[in-house]
Amino acid sequence: MEYNPEFLSQCFIHTLSPQPEPRRAAESKLTELADHPNYALAVLRLVAEQSIDEQIRHAASVNFKNHLRSRWAPSPDSSFTPILDSEKDQIKILIVNLMLNSTPRIQSQLSESLSLIGQHDFPKSWPTLLPELVSNLRAASQSDNYPSINGILGTANSIFKKFRYQYKTNDLLVDLKYCLDNFCAPLLEMFLRTAALIDSMVGSGGGSPVTLKPLFESQRLCCRIFYSLNFQELPEFFEDHMKEWMTEFKKYLANSYPVLESSVEGLGLVDELRAAVCENISLYMEKNEEEFKDYLNDFAQAVWTLLGNVSQSSSRDSLAVMAIKFLTTVSTSVHHTLFAVDGVIPQICQSIVIPNVRLRDEDEELFEMNYIEFIRRDMEGSDIDTRRRIACELLKGIATNYKQQVISIVSVQIQNLLTSYAANPAANWKDKDCAIYLVVSLSTKKAGGNSVSTDLVDVQSFFGSVVVPELQSQDVNAFLMLKAGALKFFTMFRNQIPKGLALQLFPYLIQFLGSESNVVHSYAASCIEKLLLVKDKGGKSRYTSADVAPNLLVLINNLFTAFRFPESEENQYIMKSIMRVLGVAEITPEIAGPCIAGLTSILAEVCKNPKNPIFNHYLFESVAVLVRRACERDISLIPSFETSLFPILQEILGNDVTEFLPYTFQLLAQLVELNRPPISDIYMEIFKLLLSPDSWTRNSNVPALVRLLQAFLEKAPEKLNQEERLAQVLGIFNRLVSVP
């Protein structure tokens with residue numbers, strides 16, 4: 001099929017239109033054309049046409065990239081028409097040269113497109129790619145054409161990334177050897193040439209940010225390629241040329257570049273290069289320790305000095321984290337004696353750990369503006385790449401070999417922080433937060449359980465003197481981050497807190513559910529939930545229904561009320577706490593009524609737009625636990641549960657809310673199981689749906705449907721011989737046993 005370039009241009013112009021009608025018409029036409037042969041080739045040729053406006057060509061390059069993503073190697077069950085092999089060959093011939101001669105915006109899109117092709121075809125089905133990249137790299141290098149150089153290096157970086165993440169197999173090693181044989185020497189040549197240019201410009205006092213930025217970007221890309229090519233094992237070429245690489249690496253960590261570092265953007269670029277260097281030397285420290293040992297002392301000193309000069313600005317986080325990770329790797333290696341020198345560990349604690357553990361403005365902003373992300377990092381341990389956590393990991397690493405020294409030094413630091421807080425609580429509350437964070441983060445999990453321990457402080461004494469005053473504060477909305485830290489400490493060390501003291505504090509935990517802070521009422525809910533899971537020796541639960549009973553009504557009320565706070569309408573920590581409380585408490589009619597009303601109200605809302613699967617899971621679990629435990633105690637409650645739940649469950653079935661169908665069938669099965677024969681006629685409508693073959697087409701529904709069918713057969717076997725239901729049941733049974 002022939003494609004008119006002018007027609008295609010008009011389509012791409014209209015895709016940029018702010019008016020919905022022409023935009024949709026153009027998008028629809030392009031989608032239609034995309035099913036025809038040679039569409040991708042026609043779009044690529046349009047991108048190459050210099051006479052066409054760049055905005056149109058950029059839109060075409062984005063379309064080209066997305067077209068390749070869906071059609072270069074579509075999955076077997078995909079509805080997209082794959083690109084023909086003949087068209088693929090033509091694209092491969094054109095794309096490299098076109099990418100190198102495009103403007104930066106278009107070059108970026110074509111580089112991504114090339115990488116997409118490379119993921120599937122390189123190197124076996126595209127043997128000409130690497131020689132073409134090397135040839136163009138050397139040509140661009142001779143003329144110092146850094147836009148082209150960086151385009152080539154960026155592409156190489158993308159296609160070599162697979163060596164970082166894929167399992168080591170013979171096929172992967174064959175591909176790696178091919179890349180090493182063809183790219184190692186050109187890469188080192190390019191790296192050293194660019195390093196010499198940077199030295200010349202900086203040494204002579206020349207060089208502007210405009211000329212230096214592409215050079216530093218080139219070095220960063222070389223470092224990332226170095227990481228990919230060295231990830232699986234130490235190649236012979238890199239071992240032979242380690243001195244050249246390490247000399248330049250150390251220089252970028254030790255030197256400063258005022259021309260660039262005077263601006264935020266320039267400093268960010270230099271820091272990205274330094275972070276890449278730190279990742280490379282960490283890799284060598286982990287995997288090639290013997291070969292790297294001669295360079296270790298110099299790098300440790302350089303990284304140490306660098307960290308002393310890295311500010312607390314969030315823009316420098318990546319560099320700080322990578323640098324601290326390197327020192328952490330060294331601390332757990334056979335070369336840990338670097339930390340045995342007098343004064344080293346105290347200096348690390350004072351100049352690296354404490355500054356990076358302290359709360360920053362960015363942490364406070366995250367606490368207030370994005371509570372889910374804050375909790376994910378702080379409570380759920382996904383903050384390994386944050387300064388606070390990695391600084392503590394460094395101390396843990398040093399403690400592997402120098403435990404008593406670390407305990408002694410950090411204990412003194414904690415006391416100093418608490419003394420500072422006591423002198424002026426309003427101004428120095430962050431010192432107390434820092435002290436609590438250090439104790440929590442440096443705790444160790446005991447083998448074979450969820451309990452944690454620490455040698456830094458006496459847990460019960462620290463809890464009583466430092467944490468309890470925060471928990472007993474009357475104002476749940478004052479010093480919110482300190483309150484959150486105290487709740488986290490209570491949660492982490494819950495096994496060590498005596499039952500009597502914990503029960504005294506239980507009303508205060510309930511009070512925190514009314515805090516305006518999403519983090520604080522989430523931590524309070526989580527603390528309550530985790531407390532109810534604590535078991536003593538022998539596996540006996542520490543807290544029983546009798547312990548919960550005195551505060552149960554206000555606890556339930558505060559938990560449901562917390563959903564009214566903005567952004568906590570679907571708070572999974574609150575719902576999980578409700579589920580746990582219902583699983584422990586004695587469920588009387590006075591409790592069951594408000595609980596089922598609250599849960600069905602929430603269920604009616606989330607049915608309209610299910611978007612939080614974890615919250616939804618705990619919601620249905622809460623309903624199931626409530627129904628089971630309430631009816632175990634008082635079977636007469638079943639009709640009231642049926643009255644509350646059936647309208648919602650029927651709505652789910654009628655609207656085919658796919659995400660909720662397995663839960664709905666499980667709840668219905670539970671209600672049938674709890675009923676005493678004869679069961680209500682309302683269930684027979686469900687029985688008809690159950691026997692429909694369409695209900696069994698989704699595999700996710702089958703386990704719940706089997707349970708529901710079994711419940712019907714047990715509670716209403718006489719219904720089986722009516723309306724040819726036996727044949728339908730046998731048909732279902734036949735289908736189940738025939739599915740592999």
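This is a predicted model: local features need pLDDT of at least 70, side-chain atom pairs count only at pLDDT 80 or more; totals for chains, interfaces and linings use all residues.

Biologist: How much space lies in it?

Modeller: The second largest cavity holds about 30 Å³. On a 1 Å grid over the protein atoms alone, a cavity is a set of points where a 1.4 Å probe fits but cannot get out; a pocket is an open set with protein on both sides within 12 Å along at least five of seven lines, and lining residues have an atom within 4 Å of a point. Points join across faces, edges and corners, and the volume is the space filled by probe spheres set on them.

Biologist: How many cavities of 30 Å³ or more does the count come to?

Modeller: Two. The largest cavity has a volume of about 110 Å³. It is lined by 13 residues, and D378, R388, D433, M481 and G485 are the closest to its centre. Two or more lining residues come from each of α20 (371–378), α23 and α25.

Biologist: And by class, what is in the lining of the largest cavity?

Modeller: Eight nonpolar residues, one polar and four charged.

Biologist: On to pockets. What volume does the largest pocket have?

Modeller: About 750 Å³. Its lining has 30 residues, with M379, K445, M492, R494 and K530 nearest the centre. Elements giving two or more residues to this lining are α21 (387–399), α23 (429–441), β1 (444–445), α25 (480–492), α27, α30 (572–584) and α32 (613–633).

Biologist: How many of those lining residues are charged?

Modeller: In the largest pocket, 12 are charged, next to nine nonpolar and nine polar.

Biologist: What about the second largest pocket, where does the largest share of its lining come from?

Modeller: From α31, with six residues. The second largest pocket has a volume of about 390 Å³ and 17 lining residues, of which F560, F563, G598, S601 and I602 lie nearest its centre. Both α29 (552–562) and α31 (589–606) give two or more residues to that lining. The classes are seven nonpolar, five polar and five charged.

Biologist: Back to α26. At what angle does it pack against α27?

Modeller: Helix α26 (residues 499–512) and helix α27 (residues 518–531) pack at about 140 degrees, with their axes 8 Å apart. Axes are lines fitted to C-alpha atoms over the stretch in contact, and angles run from 0 to 180 degrees between N-to-C directions. The two helices are therefore oblique to each other: under 35 degrees is roughly parallel, over 145 roughly antiparallel, 65 to 115 roughly perpendicular, and the rest oblique.

Biologist: Left-handed or right-handed crossing?

Modeller: Left-handed for α26 and α27, meaning the near helix is turned anticlockwise from the far one by less than a right angle; clockwise is right-handed.

Biologist: Which residues meet there?

Modeller: F506, L509, I510 and F512 of α26 meet V520, H521, A524, C527, I528 and L531 of α27, contact being heavy atoms within 4.5 Å. Nine of the contact residues are nonpolar, one is polar and none is charged.

Biologist: How do α6 and α8 cross?

Modeller: At roughly 30 degrees, their axes coming within 9 Å. That makes α6 roughly parallel to α8. The crossing is right-handed. Q107, S111, L114, S115 and G118 of α6 contact P147, S148, G151, G154, T155, S158 and I159 of α8. By class these are three nonpolar, nine polar and no charged residues.

Biologist: Last topic, backbone. Which peptide bond is cis?

Modeller: The one from F122 to P123, with omega near 0 degrees. P123 lies in the loop between α6 (104–121) and α7 (129–142). Separately, N38 has a positive phi of about 65 degrees although it is not a glycine, and N38 sits in the loop between α2 (20–33) and α3 (39–48).

Terms used: Residues are numbered from 1 along each chain as its sequence is written. Side-chain values use heavy atoms; hydrogens and water are left out. Helices (H or I, at least four residues) and strands (E, at least two) are DSSP runs, numbered from the N terminus. Ala, Val, Leu, Ile, Met, Phe, Trp, Tyr, Cys and Pro count as nonpolar, Asp, Glu, Lys and Arg as charged, and the others, Gly among them, as polar.
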